[in-house]
Amino acid sequence: MKTEDKTIQGDSPRAHLHLRLIVVIPAIFILLSLGVGLLAMALTQLFLKVPIPSPRQLLFLHLWIVGSSLLAGLLGAFLAHGITKPVLKTIFEAQKMIGYVEANPSTINAANEVGALSALFDQAFVSFVELVQAREMLDSVNEGIMALDQGGRVAGMNLRAQEILEVSLPEARHKALHDFIDSSPANVMLLAIARNVLADQEERFHNRVPFCPPSGKETLLSLKVSPLKLKSDPEKLLGAVVAFREQPDRSGELPEIIGRSPRLAEVLDLVAKVAPTHSRVLILGESGTGKELIANAVHQLSPRREKSFIKINCAAIPETLLESELFGHEKGAFTGAIARKPGKFELANGGTIFLDEIGDMSPSTQAKVLRVLQEGEFVPVGGNETKKVDVRIIAATNKDLLAEVEQGRFREDLFYRLNVITLSLPPLRDRKLDIPFLADYFLEETARKSSHERKSLSRAAMDCLLAYSWPGNVRELENSIERASLLSSGSIIQPQDLPISQTSSPLPNSSLLPVEYYPRQAHASLNETLEAMEKELIIQALKKSGGVQVEAAKLLGLNHKNLWHKIKKHNIDLNGLRNSA
């Protein structure tokens with residue numbers, strides 16, 4: 001007769017095995033011991049013809065047999081516990097492995113517990129094989145993938161992650177990120193993102209995150225950090241999954257451009273895309289933002305790099321001479337023209353011409369430049385012969401050309417001819433992450449040019465630089481560092497040595513402070529510093545929104561609930577902010 005199969009789910013194999021080993025085996029030991037004792041007593045009386053014991057002796061004999069039987073039972077229980085413990089642990093690990101692969105594993109049908117255990121281990125083996133296959137697939141992708149547990153410790157990573165982070169899995173396993181990733185300024189953002197995802201349980205994505213591995217070769221990462229949860233229990237946080245890949249870094253190709261801020265990185269990415277083409281480029285930005293450097297970068301990365309790169313500042317040349325400078329003149333064209341002189345367009349033939357401050361060009365000169373853009377030809381001043389040129393034009397201005405067009409000061413057709421590709425350079429106040437790098441570079445350059453000792457900035461002086469709005473942008477920063485380096489008495493520059501120390505203009509309340517500006521304490525730890533940064537950003541967003549949390553959350557890129565929790569965490573006084581607003 002065929003035995004009907006039992007349907008066993010969940011922990012039932014474990015429970016049945018525990019009951020059988022802990023209860024049934026000691027009971028067997030006790031029964032066997034009692035049986036052996038009673039049998040020994042009966043056989044002794046039967047074959048050895050011993051005298052019948054007295055009732056007292058018989059009582060002691062029975063007590064001895066029962067006691068030895070119980071002792072045998074305890075020994076059986078101890079042995080059963082020793083057998084059960086590793087088996088139960090194995091069952092637990094098997095069920096855990098199945099749970100990782102399958103949220104709702106299929107039920108186990110078996111005639112008894114032994115069959116159920118066999119089916120459970122078969123199911124676990126299949127899950128193990130699937131996990132191994134998944135690991136091999138992860139090792140084959142060209143993207144670093146790392147798993148963190150609830151405490152931020154590494155649970156695993158694929159081969160690509162080990163290559164990028166320059167650490168092996170055995171070295172990193174069960175360690176926090178800051179244990180094998182140096183807490184240098186280049187890595188602060190990466191560490192903060194991972195910690196915030198574990199704390200807030202919200203996915204974060206950043207396109208360009210600086211990272212410095214142990215070798216010191218800095219790179220940029222595209223980073224995505226997601227909270228890790230089981231489908232069967234979405235409320236419980238298991239950890240986080242960190243996915244990242246290296247982004248192309250143009251710093252080696254453009255060593256003269258200093259900075260790592262996301263705003264500057266976006267501009268350099270666009271430069272790298274535009275440079276290989278022959279399209280005209282219009283560079284917009286305030287004075288001192290580095291428009292000439294960007295124009296030079298476009299030329300250096302273009303197919304015309306071996307040809308001439310001619311620069312001319314349209315605002316620095318009088319209107320009466322600008323046309324001659326651009327197009328050249330023939331001998332006798334005007335008083336003082338004692339010889340023929342080629343113009344900038346002719347000199348730049350085959351290469352690139354950079355028209356700086358084109359917004360200050362007169363309308364008559366604009367018309368002749370427009371002809372070059374349309375026809376690729378011009379006539380020198382005082383000449384009759386038309387000259388053909390193949391020139392790439394890069395123009396720059398600190399003016400709003402569209403407003404100039406509307407007011408009739410700049411030709412509309414010339415504007416649209418120039419405005420093929422626009423590069424908008426951010427002012428220094430919007431890329432304050434670059435200030436420490438720029439300051440360090442200018443200190444080095446000043447020491448090299450002056451042959452003096454290279455000086456450094458105190459923490460208070462750096463705070464002063466970060467708090468200043470820099471209306472003159474990078475050029476003003478360069479001049480300030482050079483002056484402070486030459487005139488300061490010690491080897492460390494203090495706030496009083498800076499020309500901006502007494503007249504620093506704070507950033508306006510109408511815009512959020514950059515992440516890089518925050519109140520610093522003398523001996524603040526990394527966590528304390530990041531907490532202060534977060535609190536300051538929230539306060540600035542609340543001020544800008546007049547205390548309206550929904551608007552502040554939009555400015556910060558957070559949801560309203562998450563912002564509310566952060567306000568409570570930092571004990572921010574909303575009523576005070578609303579009143580001040």
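One term before anything else: buried means under 20% relative accessible area, exposed means over 50%, and partly exposed is in between, with a 1.4 Å probe and protein chains only. Now the ground rules. This is a predicted model, so local features need pLDDT of at least 70, side-chain atom pairs count only at pLDDT 80 or more, and totals for chains, interfaces and linings use all residues. Residues are numbered from 1 along each chain as its sequence is written, and side-chain values use heavy atoms, with hydrogens and water left out.

Overview. The chain has 581 residues, and 41% of them count as buried. Its secondary structure comes to 21 helices and 18 strands. Helices (H or I, at least four residues) and strands (E, at least two) are DSSP runs, numbered from the N terminus. Contact means heavy atoms within 4.5 Å. Take the contacts with a separation of 6 or more: 66% of them join residues 24 or more positions apart.

Salt bridges next. The criterion is a side-chain nitrogen of Lys or Arg within 4 Å of a carboxyl oxygen of Asp or Glu. The structure holds 23 of these.

Start with Asp434 and Arg431. Their side chains meet at 2.7 Å, N to O. Are these two buried or exposed? Asp434 is buried, at 0% relative accessible area. Arg431 is buried as well, at 5%.

Second, Glu163 and Arg160. This salt bridge is 2.9 Å, N to O. Both residues sit in helix 4 (residues 159-165), 3 residues apart, which puts about one helical turn between them. Arg160 counts as buried, at 19% relative accessibility. The pair also belongs to a network of salt bridges, which links Arg160, Glu163 and Glu246.

Third, Lys341 and Glu325, at 2.8 Å, N to O. This one links distant parts of the chain: Lys341 is in strand 11 (residues 341-342), Glu325 is in helix 10 (residues 319-327), and they are 16 residues apart. Lys341 is partly exposed, with a relative accessible area of 34%.

Stay on helix 10. Its buried residues are Leu322, Glu323, Ser324, Leu326 and Phe327.

Helix 9 (residues 291-300) buries Lys291, Ile294, Ala295, Ala297, Val298 and His299. Their cover includes helix 8 (262-274), strand 8 (281-284), strand 15 (392-397) and strand 16 (421-424). Strand 9 and strand 12 also take part in that cover. Helix 16 (residues 459-467) buries Ala461, Met462, Cys464, Leu465 and Leu466. Those residues pack against helix 15 (435-450), strand 17 (456-457), helix 17 (473-487) and strand 18 (492-493).

Cysteines, quickly. How many disulfides does a search of the whole structure find? It finds 0, where a disulfide is a pair of cysteine sulfur atoms within 2.5 Å. Cys464 is buried at 12% relative accessibility. Cys212 is buried at 16%.

Most residues other than glycine have a negative phi. Glu166 has a positive phi of about 60°, and it is not a glycine. Glu166 lies in the loop between helix 4 and helix 5 (169-172), and is partly exposed at 36% relative accessible area. Asn473 also has a positive phi of about 60° without being a glycine. Asn473 is in helix 17, and is buried at 0% relative accessible area.

A cavity is a set of points, on a 1 Å grid over the protein atoms alone, where a 1.4 Å probe fits but cannot get out; lining residues have an atom within 4 Å of a point. Volume is the space filled by probe spheres set on the points, with grid points joined across faces, edges and corners. The structure holds 1 cavity of 30 Å³ or more. The largest cavity has a volume of about 40 Å³. Its lining is Met146, Leu165, Leu177, Ile181, Leu190, Leu221, Leu223, Val242 and Phe244. Strand 6 (219-230) and strand 7 (233-247) are the elements that give two or more residues to that lining. The lining divides into 9 nonpolar, no polar and no charged residues.

Notes. On a 1 Å grid over the protein atoms alone, a cavity is a set of points where a 1.4 Å probe fits but cannot get out, and a pocket is an open set with protein on both sides within 12 Å along at least five of seven lines; lining residues have an atom within 4 Å of a point. Ala, Val, Leu, Ile, Met, Phe, Trp, Tyr, Cys and Pro count as nonpolar, Asp, Glu, Lys and Arg as charged, and the others, Gly among them, as polar.
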